[in-house]
Amino acid sequence: MMDRGALIGGVIFALLLAMPVLLPIVGAEYLTGLLIKAMLLAIAAISLDLIIGHGGMVSLGHAAFIGVGAYATAIGLESGIEEILVLLAITLAVTGGLALVTGTLALRTSGVYFLMITLAFGQMIYFTLTSLAAYGGDDGLTLWSLATFFGSDIVQEGEGLYFFVFAALFLTWLGVWRISQSRFGRVLRAARDNPQRAEVMGYPIARYQLIAYVIAACIAGVSGLLLVQYAEFVSPSIAAWQRSGDLIVAVVLGGLGSRNGAILGAFFIVIMEEFLSSIFHEWRLIYGPLLVVLVLYAKGGLNDLLHPKSREAS
Amino acid sequence: MLAIEHLYKSFGALQVSKDISLSVATGQCHAVIGPNGAGKTTLIHQISGVLRQDSGRVLLGGQDVSHLSVWERVQAGLGRTFQITSVLPSFSVLENVATAVQAKTGSSLKFFARAADEAALNEKAQATLSRVGLGDRIDRPAADLSHGELRLLEIAIALAGSPKFLLLDEPMAGLGKTESAALIDLLNDLRSDFPMLLVEHDMDAVFQLADEVSVLVEGEIVARGTPSEVRENPQARAAYLGDGA
């Protein structure tokens, strides 16, 4: 059965897949970099939607996991580890482990207290990164060697990197949606809807929420790894709480808990920023009111503008 | 099936449960009545695990569940409904019940296969919904149901876990006369399969359903007996029923 969400997702991915072919024709190669940036934001936004949209846990520290993933990768590269799959394993272990510890503590709270405690953990991570003097401290670190894929430099730039990021986005999109519709995701959504009821159905809900939190952090860590590979540079600013705020905006703007919302929101943000800032120096004067209008008049987010009636099981 | 032994609980100087003991056998309905503030809700919280007793025990089917958490008691066989309707509003009626079935059917740590496609869960949920009379509402969002239908959905959710015992917290609350009568019939029908503890203000329901009634006043059981005995008991009348009853 092909539902509308899958169809729209299919169109998005088909377009992204065709871009490296189309862009040189219209003479806009620089857009490749923009799309990679948008895809990286989309990966992190989808992972955040797992905990906000499906799990009802509003975290204001999610970007910290991007930072941790990026630094784990950068430090790995500096120590001479070049194979991207090994770096991936390190990234997953470090972000997952950190999420397990911070999540266990943060999930003792909920609502605005959860938001505050994730913000606090995020800032702790941010300041820890700024204090890594050996790896650039505040200024960040430029990387002179990048990761390889089975010894090949194919994932270092251009189309190879583009398709690598594309594959990561596709797997994230598919995986998070499947998780949300699985047995596990059903319990997660039940706990979001009514935690007391879910518990009295017989579920230890904190355990499910913690697993979702760790999964989301791991995915954010992967987007950090890819960000290093793309930017060839890492700095603590990617872990700042303002970046976490951007991710929340992407998720809410796109449509919470929807299949394609996080991607749409992330692309909207990156493209609008680029477009508005190129025509108008004080572009935030337009961007801000535009967000207000969108949130007021499209409550289900951009995702609902594309298919207003057919509400998916979210 | 359910046994409560010498339950004590106080909040500071206020003693809300004083030596409460009661037991409910298979096939029985035991009602607890009492004026507001008598400690009925505190009793329910101690049975379901929301609150811990200061001393005493709660046994379910012979197993001591006194120190288990809320979800562990549900897994041990306790089903409950809430005084204030508590369902999953964004889920469909069927998925509400299927989620409860899932809790007792295999692991929920499955991350890839679509839960909504699991026939075994859906069939059991559908059968349970038919039993409570919501068989024609399965595809509706739970948020669209009427108050009376929501009360039935709550019962279906509780039944879906195949409990050994049902704890019903004012199931009649907010229902009209006809709806109440229908719910009394349903509970009468369920009683043989699911022994129940009924906390209820609706005296019609209590007198029609209960095999045994305990009267709770200021945390203490002051009278116990069959509905007709309790109706005649002067202490119970003074405390709760009023002279007109």
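Is B:Ala238 buried, exposed or partly exposed, judged by its C-beta neighbours inside 10 Å? B:Ala238 counts as partly exposed, with 13 such neighbours; the scale used here calls a residue buried if 20 or more other C-beta atoms lie within 10 Å of its own, exposed if 12 or fewer, and partly exposed in between, with C-beta atoms placed from the backbone. This residue lies in helix 9 (residues 234-241) of chain B, where helices (H or I, at least four residues) and strands (E, at least two) are DSSP runs numbered from the N terminus. From B:Ala238 to B:Gly12, 226 residues apart in sequence, the C-alpha to C-alpha separation is 28 Å.

The model is predicted, and local features need pLDDT of at least 70, side-chain atom pairs count only at pLDDT 80 or more, and totals for chains, interfaces and linings use all residues. Residues are numbered from 1 along each chain as its sequence is written, while chains are lettered from A and ligands numbered from 1 in the order in which they are written.

Two packed helices are described by the angle between their axes and the distance between the axes. For helix 6 (residues 158-181) and helix 9 (residues 205-231) of chain A, the axes come within 11 Å and cross at roughly 170°. Here axes are lines fitted to C-alpha atoms, for helices over the stretch in contact, and angles run from 0 to 180 degrees between N-to-C directions. Helix 6 and helix 9 of chain A are therefore roughly antiparallel to each other, a label for angles over 145 degrees, with under 35 as roughly parallel, 65 to 115 as roughly perpendicular and the rest as oblique. From helix 6 of chain A, A:Leu161, A:Val165, A:Ala168 and A:Thr172 take part, and they meet A:Ile219, A:Val222, A:Leu226, A:Gln229 and A:Tyr230 of helix 9 of chain A. Two residues are in contact if their C-beta atoms, placed from the backbone, lie within 7 Å. The residues of this helix contact comprise seven nonpolar, two polar and no charged; Ala, Val, Leu, Ile, Met, Phe, Trp, Tyr, Cys and Pro count as nonpolar, Asp, Glu, Lys and Arg as charged, and the others, Gly among them, as polar.

The two chains also meet, with 19 residues from chain A and 27 residues from chain B in the contact. On the chain A side, helix 6, helix 7 (183-193) and helix 8 (195-200) each supply at least two residues. Helix 7 of chain A gives the most, with six residues. By class, this side of chain A has eight nonpolar, five polar and six charged residues. B:Thr99 is buried, with 28 other C-beta atoms within 10 Å. Beyond residues up to four places away in sequence, B:Thr99 touches A:Arg186, A:Ala190, A:Met201, B:Leu88 and B:Phe91.

The largest nonpolar core has 169 residues, among which A:Ala42, A:Ala45, A:Ala266 and B:Ala156 touch the most other members. Such a core is a set of buried Ala, Val, Leu, Ile, Met, Phe, Trp, Tyr and Cys residues joined through C-beta atoms within 7 Å. Helix 9 of chain A provides the largest share of this core, 18 residues. Domain 1 (1-77 + 163-245) and domain 2 (89-160) of chain B both give residues to the core, so it lies between them. Leaving aside neighbours within four places in sequence, A:Ala42 is in contact with A:Leu169, A:Ala262, A:Ile263, A:Ala266 and A:Phe267. A:Leu247, in helix 10 (residues 241-254) of chain A, is buried, with 28 other C-beta atoms within 10 Å. With residues up to four places away in sequence not counted, A:Leu247 touches A:Ala44, A:Ala45, A:Leu48, A:His62 and A:Ala63.

Turning to the domains of chain B, their bounds come from an automatic or database domain assignment. The centres of domain 1 and domain 2 of chain B, taken over C-alpha atoms, are 26 Å apart. Eight residues of domain 1 of chain B are in contact with six residues of domain 2 of chain B. Helix 6 (residues 177-190) of chain B gives the most to the domain 1 side, with three residues.
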